[in-house]
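Q: Please take a close look at one part of this model, the nonpolar core and the ring and charge pairs around it. What holds these parts of the chain in contact with one another?

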Amino acid sequence: MPKVKTFDKELVIKQATNVFHNKGYNATSMQDLVDATGLNRSSIYNTFNSKQNLFLECLSSYQNIYKERITNGMLKVSNAIEAIDFLMALYLEDIVNDKEDKGCLIVNCKSEMANHDKTITQFLIHNQDFMLHMLEEIIAKGQIELLINKERTANEYALYLYTSIQGFRMMGILTNNKKQLESIIKIIKQTLI
């Protein structure tokens with residue numbers, strides 16, 4: 001008779017996410033995960049098969065939280081500039097409230113692990129594609145609304161905005177000076193309008 005799992009998988013993923021977020025993937029040991037979750041190694045391996053699979057589940061959970069926040073926020077905007085304002089305010093709020101200077105788990109993962117592991121690289125590419133597609137739709141809508149200039153294509157501006165957001169998130173690891181960060185947002189937007 002197989003053993004029945006007696007733990008909350010979502011809670012374990014949340015606990016493991018905190019460890020990965022604090023230490024990074026490579027510096028996180030199985031003992032760190034055992035200590036954080038209260039599970040023994042065999043339970044972790046039986047449930048997730050590997051540290052990498054647990055990490056991917058943590059990344060996916062983290063990504064889903066952001067997708068939900070973005071989706072809910074986008075329901076409240078009425079045009080492309082408001083959509084960009086919402087996104088930048090979301091990231092600004094996260095940076096300012098990040099008292100431990102952990103940064104974004106996905107951005108951190110990209111700087112630590114991109115191109116070192118095919119499965120994680122694929123996850124990062126899919127996440128990037130999702131963001132670029134969303135940003136391109138926002139920019140195209142803004143160009144139709146005549147709120148965003150047409151000096152560049154929607155695709156070019158989406159790439160610019162995505163790169164700016166990535167840099168903004170990285171900058172936020174070392175500074176949470178709200179005035180400086182708001183100045184960066186203003187400059188990013190000036191390019192578009």
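A: A nonpolar core is here a set of buried Ala, Val, Leu, Ile, Met, Phe, Trp, Tyr and Cys residues joined through side-chain atoms within 4.5 Å. Buried means a relative accessible area under 20%. The model is a predicted one. Its largest nonpolar core has 59 residues, and those with the most contacts inside it are Phe-20, Phe-55 and Tyr-91. Helix 5, residues 80–97, gives the most to this core, with 11 residues. In soluble globular proteins, nonpolar side chains tend to be buried together.

Leaving aside residues up to four places away in sequence, Tyr-91 touches Tyr-66, Ile-70, Met-131, Ile-165, Phe-168 and Arg-169.

The whole structure contains five of them. In one, Phe-20 and Tyr-25 are stacked, with 6.0 Å centre to centre and 20 degrees between the planes. Phe-20 has a relative accessible area of 1% and so counts as buried; Tyr-25, at 14%, is buried as well. Ring pairs link Phe-20 and Tyr-25 with Phe-55 into a cluster. Tyr-25 also has a charged neighbour: Lys-51 lies over the face of its ring, 4.3 Å from the ring centre.

Next come the charge pairs. The count of salt bridges is five. One of them joins Asp-94 to Arg-69, with the closest N and O atoms 3.1 Å apart. This pair links distant parts of the chain, since Asp-94 is in helix 5 and Arg-69 in helix 4 (residues 51–74), 25 residues apart. Asp-94 is buried, at a relative accessible area of 18%, whereas Arg-69 is partly exposed at 29%.

The closest N and O atoms of Asp-85 and Lys-189 are 2.6 Å apart. Here the acidic residue, Asp-85, is partly exposed at 31% relative accessibility, and Lys-189 is buried at 19%.

A further salt bridge is formed by the side chains of Lys-141 and Glu-145, at 2.7 Å from N to O. Lys-141 is partly exposed, with a relative accessible area of 40%, and Glu-145 is partly exposed at 28%.

Note on methods. Residues are numbered from 1 along each chain as its sequence is written. This is a predicted model: local features need pLDDT of at least 70, side-chain atom pairs count only at pLDDT 80 or more; totals for chains, interfaces and linings use all residues. Side-chain values use heavy atoms; hydrogens and water are left out. Buried means under 20% relative accessible area, exposed over 50%, partly exposed in between (1.4 Å probe, protein chains only). Helices (H or I, at least four residues) and strands (E, at least two) are DSSP runs, numbered from the N terminus. Contact means heavy atoms within 4.5 Å. Rings of Phe, Tyr and Trp (its six-membered ring) pair if their centres lie within 6.5 Å; planes under 30 degrees apart count as stacked, over 60 as edge-to-face and the rest as tilted. A charge sits over a ring if NZ of Lys or CZ of Arg is within 6 Å of the ring centre and within 35 degrees of the ring normal. A salt bridge is a side-chain nitrogen of Lys or Arg within 4 Å of a carboxyl oxygen of Asp or Glu.
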